[in-house]
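This report describes selected packing features of one structure.

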Amino acid sequence: MVEVVLENELKEYKQIIIYGAGMVGRLVFGTIKAASCLEYLIGFAVSRKAEEQLYCGKNVYEIRELEMYKNTALVIVATLPQLHGEITKVLCEYHFCNVICVDKKLYRAMEQQYIQNFVLTHTIRQKKIDILFMASDNNCSSGAFLCMCDLCAELKRYGISSLVVLPQYGNGEQALTEREVEFTYILSEHWAYFCRKPDWEEKNAALAENSHAVQQIAGLIDKYHVRLVHNNTTYTYAGALAAYQKGIPLVWHLRENIHMQGFEFVNTKYAMQILNQSDRIVAVSAYIKECMDQLDAQGVRIVYDGVDVKKYYLQRTVLQNAAKITIVLVGAIMPLKGQEEMLYAADILKQKELDFQILFVGGGEEEYIKKLQKIAADMCLTEKIQFSGRQDDVQFFYKKSDIAVVCSKSEAFGRTTVEAQMSGCLVIGADTGATPELIRDGVTGWLYQQGNYEELADKIIYAVKHPDQSRAMALTGQKYACATFTKERNAFEILQIYKEILHDNEPWAGRSDRVP
């Protein structure tokens with residue numbers, strides 16, 4: 001087994017460095033701990049760090065700070081595979097001799113070991129489960145995942161018990177634990193392939209393994225007397241097959257346009273047949289409902305996602321210093337999100353002698369981030385642009401910003417749009433996807449034609465030149481978001497769907513028919 005080979009290698013060294021302070025690094029940390037080699041771990045290394053920090057209780061260093069160990073330490077590169085080439089190049093520049101990269105095979109082996117240990121050591125406390133939630137990922141940066149976490153927590157207030165089934169290792173455990181939502185693991189593969197890099201043999205082999213997942217989920221349904229299965233996204237389907245097998249109701253949540261995300265169903269005809277058997281299909285926006293035109297529209301309900309008002313609401317006034325403004329873009333940095341439009345607009349702002357700072361908050365595709373950095377450098381904007389990476393406390397960045405911009409080509413809903421509105425920012429968004437459903441142009445914010453960076457620049461300049469109007473619009477947008485897109489309202493509307501399906505033949509404990 002590949003993880004055994006790694007454990008044997010660990011024992012040959014008295015000094016170990018994990019390069020990468022993320023979820024892969026945490027997995028390697030667990031392997032080192034299991035091998036009783038934790039005393040040899042010096043800490044985690046990264047290319048750049050903003051401040052003193054700890055990860056898994058160990059110090060995080062910039063790699064240059066650890067050059068003294070170049071001949072003696074084992075360096076385990078624990079990042080996504082696409083970063084391995086760049087990182088090994090850096091390690092060569094610092095003359096590190098002993099380097100191992102966590103490839104796909106090793107990652108899978110460690111993932112399986114982690115999940116086996118988790119299932120063995122964690123007991124599901126509930127004797128009966130009302131709703132079994134099927135997640136399609138395990139990512140606390142995913143809006144779909146966070147909305148599911150909030151929904152489970154809100155349902156608990158109605159006395160409804162839930163269990164989340166995670167299909168893969170990830171960092172979403174933290175979000176579930178914070179909300180006291182129970183979860184377990186059953187490994188499964190989603191039924192879509194990535195168009196840019198289709199690997200049919202690997203995908204079909206993974207899908208074949210899903211038959212085991214379906215039987216495991218069916219076992220949970222029997223053991224915990226599950227009343228209803230709730231599929232959290234378009235991507236996951238193993239839970240649906242288990243629900244159909246056991247003859248219990250299914251709600252299917254459509255939270256994304258998989259085609260715009262670069263994916264296609266392995267078998268579209270089969271996928272539509274399975275989806276249309278659902279008792280109810282929930283779309284997070286009218287835009288998503290329209291995208292899935294092969295679905296039975298009669299069974300589709302539009303329920304907007306909900307956000308925690310208490311977490312994001314800020315009582316403040318934007319554009320107090322119109323002489324210098326701060327613009328923020330929060331979310332994954334990738335071509336679909338269109339962040340380069342902001343840079344081209346920024347070049348116009350610079351030519352108009354507007355003083356500004358732009359904050360990009362979020363992780364993303366390394367190649368696209370480099371492209372943005374090059375565009376900024378070519379336009380002499382580097383000093384005005386800050387890439388902050390993925391942040392847990394995005395409220396801090398909203399608070400210091402006047403304007404939030406959403407350049408996305410196809411938002412299924414737009415959680416960050418709502419977060420920005422709730423925080424009091426003036427929000428300017430592209431007129432595509434579901435963004436026009438969240439922003440009433442000229443009333444709660446501004447819309448601009450997606451791709452037209454000149455119009456985006458004009459909207460920003462107008463906002464700065466008319467601060468009183470901009471402040472009033474930001475306040476209207478804040479009030480609208482806080483009244484419309486709350487996690488409480490979202491849970492209430494989902495609960496009504498459950499009650500319709502189950503005919504309320506077994507009343508929920510502590511239920512309420514009052515809209516929050």
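## Basis of the description

Helices (H or I, at least four residues) and strands (E, at least two) are DSSP runs, numbered from the N terminus. The model is predicted, so local features need pLDDT of at least 70 and side-chain atom pairs count only at pLDDT 80 or more, whereas totals for chains, interfaces and linings use all residues. Residues are numbered from 1 along each chain as its sequence is written, and side-chain values use heavy atoms, with hydrogens and water left out.

V284 is located in the loop that runs between β14 (280-283) and α10 (286-291). Its relative accessibility is 0%, and V284 therefore counts as buried; the term buried means under 20% relative accessible area, exposed means over 50%, and partly exposed lies in between (1.4 Å probe, protein chains only).

Not counting residues up to four places away in sequence, V284 touches H253, L254, R255, V303, Y304, D305, A412 and F413, where contact means heavy atoms within 4.5 Å. V284 and G306 are 22 residues apart along the chain, and their C-alpha atoms are separated by 9.8 Å.

G43 belongs to strand β2 (residues 41-46) and is buried, with a relative accessible area of 1%. When neighbours within four places in sequence are left aside, G43 is in contact with I16, I17, I18, K58, N59 and Y61. One of these contacts, N59, is 16 residues from G43 in sequence, with a C-alpha to C-alpha distance of 5.2 Å.

F397 is part of helix α14 and is buried at a relative accessible area of 6%. Leaving aside neighbours within four places in sequence, the contacts of F397 are V328, L359, V361, Q386, S388 and Q391. F397 and T326 are 71 residues apart in sequence, and their C-alpha atoms are 9.6 Å apart in space.

Helix α12 (residues 340-351) packs with helix α17 (residues 453-465) at an angle of about 55 degrees, the axes being 8 Å apart. Axes are lines fitted to C-alpha atoms, for helices over the stretch in contact, and angles run from 0 to 180 degrees between N-to-C directions. α12 and α17 are therefore oblique to each other, given that angles under 35 degrees count as roughly parallel, over 145 as roughly antiparallel, 65 to 115 as roughly perpendicular and the rest as oblique. On the α12 side, the contact is made by E341, M342, Y344, A345, I348 and L349, and on the α17 side by Y453, E454, L456, A457, I460 and I461. The residues of this contact divide into 10 nonpolar, no polar and 2 charged; Ala, Val, Leu, Ile, Met, Phe, Trp, Tyr, Cys and Pro count as nonpolar, Asp, Glu, Lys and Arg as charged, and the others, Gly among them, as polar.

α17 also packs with helix α18 (residues 467-484), at an angle of about 105 degrees and with the axes 5 Å apart. α17 and α18 are therefore roughly perpendicular to each other. Y462, A463, V464 and K465 of α17 meet P467, Q469 and S470 of α18 in this contact, which has 4 nonpolar, 2 polar and 1 charged residues.

## Aromatic pairs

A search of the whole structure finds 22 aromatic pairs. Rings of Phe, Tyr and Trp (its six-membered ring) pair if their centres lie within 6.5 Å; planes under 30 degrees apart count as stacked, over 60 as edge-to-face and the rest as tilted. The rings of F194 and F263 have centres 5.1 Å apart and planes at 40 degrees, so this pair is tilted. F194 lies in strand β10 (residues 192-194) and F263 in strand β13 (residues 263-265), so the pair ties together parts 69 residues apart in sequence. F194 is partly exposed at 28% relative accessibility, while F263 is buried at 18%.

Y312 and Y398 form an edge-to-face pair, with 6.4 Å centre to centre and 75 degrees between the planes. The pair links distant parts of the chain, with Y312 in helix α11 (residues 309-312) and Y398 in helix α14 (residues 394-399), 86 residues apart. Both Y312 and Y398 are buried. One aromatic cluster is formed by Y107, Y114, F118, Y169, F183 and Y185.

## Helix α15

Helix α15 (residues 415-422) is mostly covered, with 7 of its 8 residues buried. These buried residues are R415, T417, V418, E419, A420, Q421 and M422. Just after α15, G424 takes a positive phi of about 95 degrees.
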